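Q: I'm new to reading protein models, and I'd like to go through one feature by feature. Can you help me make sense of what's on the screen?

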Amino acid sequence: MPEPNLSTVVAMTLFHLDEAGTTIRTEVLAGITTWLAMVYIVAVNPSILATTGMDQGALFAATCLGAGIASIAMGLYANLPLALAPGMGLNAYFAFVVVGGLHIPWQVALGAVFLSGVLFLIVSLLRVREWLINTIPLSLKLGIGAGIGFFLALIGLEHMGVVVAAPATYVTLGQLGNPATLLACAGFLTMAALAARGIAAAVLIGILATAAAGLPLGLTSFHGVVSLPPSLAPTWLQMDIPGALNLGLVSIVLTFFLVDVLDNAGTLIGVTHRAGLMRPDGTVPRLKQALTADSGGAILGAALGTSTVTSYIESAAGIQAGGRTGLTAVVTGVLFLATLFFAPLATSLPDFATAPALLFVACLMAGALRGLNWDDLTDYLPAVVTALAMPFTFSIAAGIGLGFIVHAVVKTLAGRPREVGGAVWLIAAASAVKFAIQ
């Protein structure tokens, strides 16, 4: 048997491959699989954030760099097969609620993302993170996950042309005979069919196929495939931190923070459990390192010029392919950095091609509701209120606030106030005050 080379020895030692029962080949293939499952974000994220007036080329570069560097950091520091990228839902909240709805400059919104990342880093280094994560009940975490999914669904359906505004009924069915809408619907069905067959790149293939179908109809403009990376200058270090420190933006910072913490906690639990890495007592190994890497990703993303960078549940695709260590995340990160050179292809993808991805991801996120205890009204009712309030108020923050208030009140009136955690009381009280004075 030939002697292993130096790079092999370093990889096996650094990532403890023997202890994890895996090999370099398996980890590399798993990293490629995770990248294929996640790479749609380099097209979708710039498409969403560009609605704020941000430069789309810089957004593409920020997305690739944020995902690449943060994933590599997670792999090296936490040694977990967990990749990161700008989070779906948080990018929509950034673009459509904070900037579009509240008319806050995108530079100030980036400042809020930066501050939320710093806050996340502080609680990651202290024991506050366990208190926050553990005292918020699973039902509300599930409701938040599903609610963000419904929020994305509304945006996706509107961008597909399936749902349009109506004076009498608020929303109504759009013109399904519109060519772009038909292609968007076909793209969604393509993603669903490929995913049902277990194809990791289902979303990416669906986006590319939909965009290609628009070429002969003149709906897609092809800009090429490969080029030098676009300039990051329009968004690099453009966050307005003093502006974000305004007292009126505290709720926005806390929303970015809370959603990131809960999303990250849910992803860590789900991914480590599927990988067989969770300890017998249900705790996550190297949790502090993972949360630190995740919070660092949020800070880095704001500096680069994108919404919150967070852990991705699509990492489960790589785990399904055998990934068990941080080498999987490092490979995924390197591939995201290589994706920097495909900016022309990403900017060729029209809105009707990327919008179906929002709806598809939304459907996956809505599956969180199946984890609710449907035999206990005090368990599922606040979670459902949380999930429904997000799209109907067009605000993730409002959905969280209303859900937490309902949870605290219903549990108390049912004679079970001890089941309401301290974090829930705190958020419910703060939300009640905010709703009363707005």
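Q: What does the accessible surface of the protein come to?

A: It comes to about 18,300 Å², and 68% of that belongs to carbon and sulfur atoms. Accessible areas like this come from the Shrake-Rupley method with a 1.4 Å probe; for residues, only the protein chains shown count as cover. Before we go on: this is a predicted model, where local features need pLDDT of at least 70, side-chain atom pairs count only at pLDDT 80 or more, and totals for chains, interfaces and linings use all residues. Residues are numbered from 1 along each chain as its sequence is written, and side-chain values use heavy atoms, leaving out hydrogens and water.

Q: How much of the protein counts as buried?

A: Here's the cut-off: buried means under 20% relative accessible area, exposed means over 50%, and partly exposed is in between (1.4 Å probe, protein chains only). Of the 438 residues, 54% count as buried.

Q: How many helices and strands are there?

A: Helices (H or I, at least four residues) and strands (E, at least two) are DSSP runs, numbered from the N terminus. This protein has 21 helices and four strands.

Q: How far does helix 3 reach from its first C-alpha to its last?

A: The expected span of a helix is 1.5 Å times one less than its number of residues. Helix 3 (residues 24–38) has 15 residues and reaches 21 Å, close to the 21 Å expected. Its buried residues include Trp-35, Ala-37 and Met-38.

Q: How do I read a pair of aromatic rings?

A: You describe it by the distance of the centres and the angle of the planes. Rings of Phe, Tyr and Trp (its six-membered ring) pair if their centres lie within 6.5 Å; planes under 30 degrees apart count as stacked, over 60 as edge-to-face and the rest as tilted. A search of the whole structure finds four aromatic pairs. Take Phe-120 and Phe-257: their ring centres are 6.4 Å apart and their planes sit at 80°, so the pair is edge-to-face. This pair links distant parts of the chain, with Phe-120 in helix 7 (residues 106–125) and Phe-257 in helix 13 (residues 250–275), 137 residues apart. Phe-120 is buried at a relative accessible area of 1%, and Phe-257 is buried at 9%. Elsewhere, ring pairs link Tyr-93, Phe-94 and Phe-256 into a cluster.

Q: And what about charges: how many salt bridges does the structure hold?

A: Side chains of opposite charge can pair when their charged atoms come close. For a salt bridge, a side-chain nitrogen of Lys or Arg has to be within 4 Å of a carboxyl oxygen of Asp or Glu. The structure holds three. In one of them, Asp-376 pairs with Arg-416, the closest N and O atoms being 2.8 Å apart. Asp-376 lies in the loop between helix 18 (351–366) and helix 19 (377–393), and Arg-416 in the loop between helix 20 (396–413) and helix 21 (422–437), so the pair ties together parts 40 residues apart in sequence.

Q: Which residues does Glu-419 form salt bridges with?

A: Glu-419 pairs with Lys-411, with the closest N and O atoms 2.6 Å apart, and with Arg-416, at 3.0 Å. Salt bridges that share partners join Asp-376, Lys-411, Arg-416 and Glu-419 into one network.
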